[in-house]
Amino acid sequence: MTIEQLDKSRVLISLGLNDMDTYAISIDKLNLKETNTKETLKSLLKLALDRVGISAENKAVLVEAMPHKEGMLILITVDFSKNLRKTYRIKKPRMQPVCKFLGAEELLSCVELIKAEKIKLQSNSLWQYKNAFYVIFEFGGISAKAKAVLSEYALCYSLSLVRIARIKEAGKEISGSNAVEQIARTMADRA
């Protein structure tokens, strides 16, 4: 985790994948209705503001989050006016990474290699659409090592949210949460 003071009222927190796992936070779980996420976000804000010496007491705080290829960025803006309203925004990327496998054999071989090399992938789901299998990563970015392995067996590229929606509407969901990891576990259980 990197904490950087941009100016007297703004702080940027850069979370890597390990930090996101440690704090159990992800871009799709940033919802203040979930108490765990709310408490985690409060502790991150307090840690960051204390580290750079900015007080948020009796001040409005704007929190903006954005995924990036190796984690997530959180921008904190402390308003020095007396407005106590807090606003939270979650920015979704306009494009999402996708890997298209032309057959099940390629998919299973890729999963086997990912498991053998102990590569950790971001949250993903597996869909079958028009005789191909699509691994859709739920928020932006795939590590270079993961992309190298995935590219050996699949076509990896980014799709617009509209195209992703088309795959999800017309396709068949095979696994909805951490699909590659679930397939790897199933293969290990049957071995």
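Modeller: Start with β6, residues 95-101: four bridges join strand β6 to β8, and the two run antiparallel. V98 stands opposite I136 in β8. Keep in mind that this is a predicted model.

Colleague: What order do the strands of that open sheet come in?

Modeller: The order is β9-β6-β8-β7-β10, five strands with antiparallel pairing. The edge strands are β9 (155-160) and β10, each of which pairs on one side only. From one strand to the next, the twist averages 35 degrees.

Colleague: And what holds strands like these to each other?

Modeller: Strands of a sheet pair through backbone hydrogen bonds.

Colleague: Now β3 and β4. In which sense do they pair, parallel or antiparallel?

Modeller: Antiparallel, over nine bridges. β3 covers residues 60-68 and β4 covers 71-79. The two strands form a hairpin with two residues between them.

Colleague: Helices next. What does α6 lie across?

Modeller: α6 lies across β7, β8 and β10. It runs at about 85 degrees to β7.

Colleague: Which residues of α6 are buried?

Modeller: A179, V180, I183 and A184. They cover an arc of only 135 degrees around the axis, so they sit on the same side of α6. What covers them includes α3 (104-116), β7 (124-129), β8 (132-137) and β10 (172-175).

Colleague: What about the length of α6?

Modeller: It agrees with expectation. At 1.5 Å a residue, the twelve residues 179-190 should span 16 Å, and the end C-alpha atoms are 17 Å apart.

Colleague: And how far apart are the end C-alpha atoms of α3?

Modeller: They are 18 Å apart, in agreement with the 18 Å that its 13 residues should span.

Colleague: Which α3 residues are buried, and what covers them?

Modeller: The buried ones are L107, C110, V111 and I114. Their arc around the axis is only 100 degrees, which puts them on the same side of α3. The cover includes β6, β7, β8, α4 (144-153) and α6.

Colleague: Which exposed residues does the face turned away from the buried side of α3 carry?

Modeller: E105, E112 and A116.

Colleague: Switching to rings. How many aromatic pairs does the structure hold?

Modeller: One. Y129 and Y134 form it, and the pair is tilted: 6.1 Å centre to centre, with 55 degrees between the planes.

Colleague: Is K130 buried or exposed?

Modeller: Exposed, with a relative accessible area of 68%.

Colleague: Where does A24 lie, and what is its phi?

Modeller: A24 lies in the loop between α1 (17-23) and α2 (35-52). Its phi is near 50 degrees, again a positive value. A24 is exposed, at a relative accessible area of 55%.

Colleague: And which residue takes a positive phi just after α3?

Modeller: K118, at about 55 degrees.

Definitions and conventions: Residues numbered from 1 in each chain as written. Predicted model: local features only at pLDDT ≥ 70, side-chain atom pairs only at ≥ 80, totals over all residues. Heavy atoms only, no water. Phe/Tyr/Trp six-rings, centres within 6.5 Å; stacked < 30°, edge-to-face > 60°. Pairing = 2+ DSSP bridges. Expected span 1.5 Å × (residues − 1). Buried < 20%, exposed > 50% of the residue type's maximum accessible area, 1.4 Å probe, protein only. Arc of directions from axis to C-beta. Contact = heavy atoms within 4.5 Å. Axes fitted to C-alpha atoms, helices over the stretch in contact; angles between N-to-C directions.
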